[in-house]
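Reader: I'd like to go through this one residue by residue and pair by pair. Please show me the sequence and the structure, and then I'll start asking.

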Amino acid sequence: MALSGDLESALWLSHRTLMERPDLASAHNVKALCLINRDSSRALKEVAIAIKQKPQESEFYLTRAKIWLSENNYLKAQESATCAIKEKPDNWQAYQVRAEALSKLKKYSEALSDCQKLIQTNAASPASYSSRAEVYRDMSKSESGEVDMEIAFKIKAVLWQVEP
């Protein structure tokens, strides 16, 4: 489930929903997403409830990976993203999060491998190429990163129908 708009409203709505339906795993996940930058320990508790209720749901592991990434716990972010990929092998966002975690762990070849899978599953997204550019930046290979950023900008230009 993607969140857009006012996080306070989404947090309030998820809280109200959980008062009536505490067994609704997706509401726990939404609450966790809303809490990522506010209270990561509460966010982790909410997503743990969601995972316990619905352990086969890839998005819940992805949420947990995002929380760990926000806490700079790259090893746990990698592990959670791997769980998300295991449950849904074409979850491109999980590859993106895992690539970032792997890059921060200086596991560059694995990060580039995930970026390649990300590009294969989501080639029309500028984020796919900018993710790989970030890995190249972490590797101090700025020329390769610049090529990927140019591709990302061209895709954005097409999507927004403007001149690159």
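This is a predicted model: local features need pLDDT of at least 70, side-chain atom pairs count only at pLDDT 80 or more; totals for chains, interfaces and linings use all residues.

Reader: Let me begin with D114: is this residue buried or exposed?
Author: Residues are numbered from 1 along each chain as its sequence is written, and side-chain values use heavy atoms, with hydrogens and water left out. Relative accessible area is sorted into buried (under 20%), exposed (over 50%) and partly exposed in between, using a 1.4 Å probe and protein chains only. D114 has a relative accessible area of 2%, so this residue is buried.

Reader: Which residues is D114 in contact with, beyond its neighbours in sequence?
Author: D114 sits in helix α7, residues 108–121; helices (H or I, at least four residues) and strands (E, at least two) are DSSP runs numbered from the N terminus. Contact means heavy atoms within 4.5 Å. Setting aside neighbours within four places in sequence, D114 is in contact with Y95, R98, A99 and L102.

Reader: How do α7 and α8 run relative to each other?
Author: Two packed helices are described by the angle between their axes and the distance between the axes. The axes here are lines fitted to C-alpha atoms over the stretch in contact, with angles from 0 to 180 degrees between N-to-C directions, and those of α7 and α8 come within 9 Å and cross at roughly 165 degrees. Angles under 35 degrees count as roughly parallel, over 145 as roughly antiparallel, 65 to 115 as roughly perpendicular and the rest as oblique. α7 and α8 are therefore roughly antiparallel.

Reader: How do the residues of the contact of α7 with α8 divide by class?
Author: On the α7 side, Y108, A111, L112, C115, Q116, L118 and I119 meet A127, S128, Y129, S131, R132, V135, Y136 and D138 of α8. Ala, Val, Leu, Ile, Met, Phe, Trp, Tyr, Cys and Pro count as nonpolar, Asp, Glu, Lys and Arg as charged, and the others, Gly among them, as polar. By that scheme, the contact of α7 with α8 has 10 nonpolar, 3 polar and 2 charged residues.

Reader: And what is the handedness of the crossing where α8 passes α9?
Author: For helix α8 (residues 126–138) and helix α9 (residues 142–160), the axes come within 8 Å and cross at roughly 165 degrees. That makes α8 roughly antiparallel to α9. A crossing is left-handed if the near helix is turned anticlockwise from the far one by less than a right angle, and right-handed if clockwise. α8 passes α9 in a crossing that is left-handed.

Reader: At what angle do α5 and α6 pack?
Author: In this pair, Y74, A77, Q78, A81, T82, A84 and I85 of α5 meet A94, Y95, V97, R98, A101, L102 and K104 of α6. The contact has 10 nonpolar, 2 polar and 2 charged residues, and the crossing is left-handed. With their axes 8 Å apart, helix α5 (residues 74–87) and α6 pack at an angle of about 155 degrees.

Reader: How far apart in space are L105 and H28, C-alpha to C-alpha?
Author: L105 is in the loop between α6 (92–104) and α7, and is partly exposed, with a relative accessible area of 30%. Apart from neighbours within four places in sequence, L105 is in contact with Y74, L75 and Q78. L105 and H28 are 77 residues apart in sequence, and in space their C-alpha atoms are separated by 29 Å.

Reader: Which residue forms a salt bridge with R38?
Author: A salt bridge is a side-chain nitrogen of Lys or Arg within 4 Å of a carboxyl oxygen of Asp or Glu, and a search of the whole structure finds 7 of them. R38 counts as partly exposed because its relative accessibility is 47%. The closest N and O atoms are 2.0 Å apart in the salt bridge of R38 with its partner, E8.

Reader: Are K31 and E46, another salt-bridged pair, buried or exposed?
Author: The closest N and O atoms of K31 and E46 are 3.6 Å apart. K31 lies in helix α2 and E46 in helix α3, so the pair ties together parts 15 residues apart in sequence. Both K31 and E46 are buried.

Reader: Which residues are linked in a network of salt bridges?
Author: One link is that of R137 with D138, whose closest N and O atoms are 3.2 Å apart. At 24% relative accessibility, D138 counts as partly exposed. The linked residues are K104, R137 and D138.
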